[in-house]
Amino acid sequence: MADPAEPDDTLLLAALDRVRARGAIGERSLQTAVAHADRFVALVPGDATTLIDLGSGGGLPGLVIAWRRPDVAVTLVERRASRADLLRRAVSALALGGRTTVLAEDLASVTAGRARFDVVTARSFGPPAVTARAAASVVRSPGGVVLISEPPHPAPDRWHSGELIGRGLRDDGVHAGIRRLVSVRDATTIPQA
């Protein structure tokens, strides 16, 4: 008999396995990959209603967040059309389509509409300065949250406070391997170059 406290991830694991079979997920253990994504889930504020996952790739952590948090509208951004197609198939298989959107676009196209999200996530999006710039362009200000996966042993100076402050972000530290940044002022007044 299954533990009632444990979520039934049968459909989620099957969808992720199909994505992995097409080469979009490299992790050997999907259970470990989902456990890592659950660290993001734990840091999504309870009152968040919108989330954007930058560079969604194979759907980690975006699909897991959408699966675990039915109260959050999730936007997955993946510029590679083939990967975006895999994400759409996974969204359909998991019946998440009513509240999960997949955009096969570059982030610049997304930010052109100046959409603002309560939470921004990124797992392997790019170097800190690039990720901070991208996140600041779409996070709600003030009070939005940016969650970024950190490498196992990050350099102590990996995130430059001056760069973050210039983007309207405050470093809230690393929580279970996830860097948490908080938006502290309206990013529309912050130079984005």
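**Questions on a predicted model**

Just after H1, Gly23 has a positive phi of about 90°. The model discussed here is predicted.

Colleague: How many residues does H1 have, and what distance does it reach from its first C-alpha to its last?

Modeller: At 1.5 Å a residue, 16 Å is the expected reach. The helix in the model is close to that expectation. H1 has twelve residues and reaches 16 Å.

Colleague: Are the buried residues of H1 on the same side or on opposite sides?

Modeller: The buried residues in H1 are Leu12, Ala15, Leu16 and Val19. They cover an arc of only 95° around the axis, so they lie on the same side of H1.

Colleague: Which exposed residues does the face of H1 turned away from its buried side carry?

Modeller: The buried residues of H1 pack against H2, H3 and H4. The face turned away from that buried side carries exposed residues, and these are Thr10 and Ala21.

Colleague: Which element gives the most residues to the largest nonpolar core?

Modeller: This core has 36 residues, and Leu16, Leu63, Val64 and Leu147 touch the most other members. H1, H2, H3, E2, H4 and E5 each supply at least two of its residues. With seven residues, the element that gives the most is H2.

Colleague: Which residues is Leu63 in contact with, leaving aside its neighbours within four places in sequence?

Modeller: Leu63 is one of the core residues that touch the most other members. Its contacts beyond those neighbours are Leu12, Leu16, Gly58, Leu76, Leu87, Ala90, Val91 and Leu96.

Colleague: How many residues are in the other core?

Modeller: Another core lies apart from the largest one, and its residues include Phe117, Ala136, Val146 and Leu164. The number of residues in this other core is 20.

Colleague: Is Arg88 buried, partly exposed or exposed?

Modeller: Arg88 is found in helix H4, residues 81–93. It touches Val102 and Ala104, not counting residues up to four places away in sequence. Because its relative accessibility is 38%, Arg88 counts as partly exposed.

Colleague: How far apart in space are Arg88 and Leu76, C-alpha to C-alpha?

Modeller: In sequence, Arg88 and Leu76 are twelve residues apart. In space, their C-alpha atoms are apart by 9.4 Å.

Colleague: Which strands stand at the edges of the sheet?

Modeller: The sheet is open, with seven strands in the order E3-E2-E1-E4-E5-E7-E6 and mixed pairing. An edge strand here has a single partner strand, so one side is left without a neighbour in the sheet. The strands at the edges are E3 and E6.

Colleague: What angle does the direction of H2 make with that of E5?

Modeller: Neighbouring strands of the sheet are turned by 20° against each other on average, direction ignored. H2 packs on this sheet and touches E4, E5, E6 and E7. The direction of H2 makes with that of E5 an angle of about 165°.

Colleague: In E3, which residue is the bridge partner of Thr75?

Modeller: E2 and E3 run parallel and are joined by four bridges. In E3, the bridge partner of Thr75 is Thr101.

Colleague: Which residue in the turn between E6 and E7 has a positive phi?

Modeller: E6 and E7 pair in the antiparallel sense over five bridges, and His175 has Ile178 in E7 as its bridge partner. The two strands form a hairpin with two residues between them. The residue in the turn with a positive phi, about 55°, is Ala176.

Note on methods. Residues are numbered from 1 along each chain as its sequence is written. This is a predicted model: local features need pLDDT of at least 70, side-chain atom pairs count only at pLDDT 80 or more; totals for chains, interfaces and linings use all residues. Side-chain values use heavy atoms; hydrogens and water are left out. Buried means under 20% relative accessible area, exposed over 50%, partly exposed in between (1.4 Å probe, protein chains only). Contact means heavy atoms within 4.5 Å. A nonpolar core is a set of buried Ala, Val, Leu, Ile, Met, Phe, Trp, Tyr and Cys residues joined through side-chain atoms within 4.5 Å. The expected span of a helix is 1.5 Å times one less than its number of residues. The arc is that of the directions from the helix axis to the C-beta atoms. Two strands pair if DSSP finds at least two bridges between them. Axes are lines fitted to C-alpha atoms, for helices over the stretch in contact, and angles run from 0 to 180 degrees between N-to-C directions.
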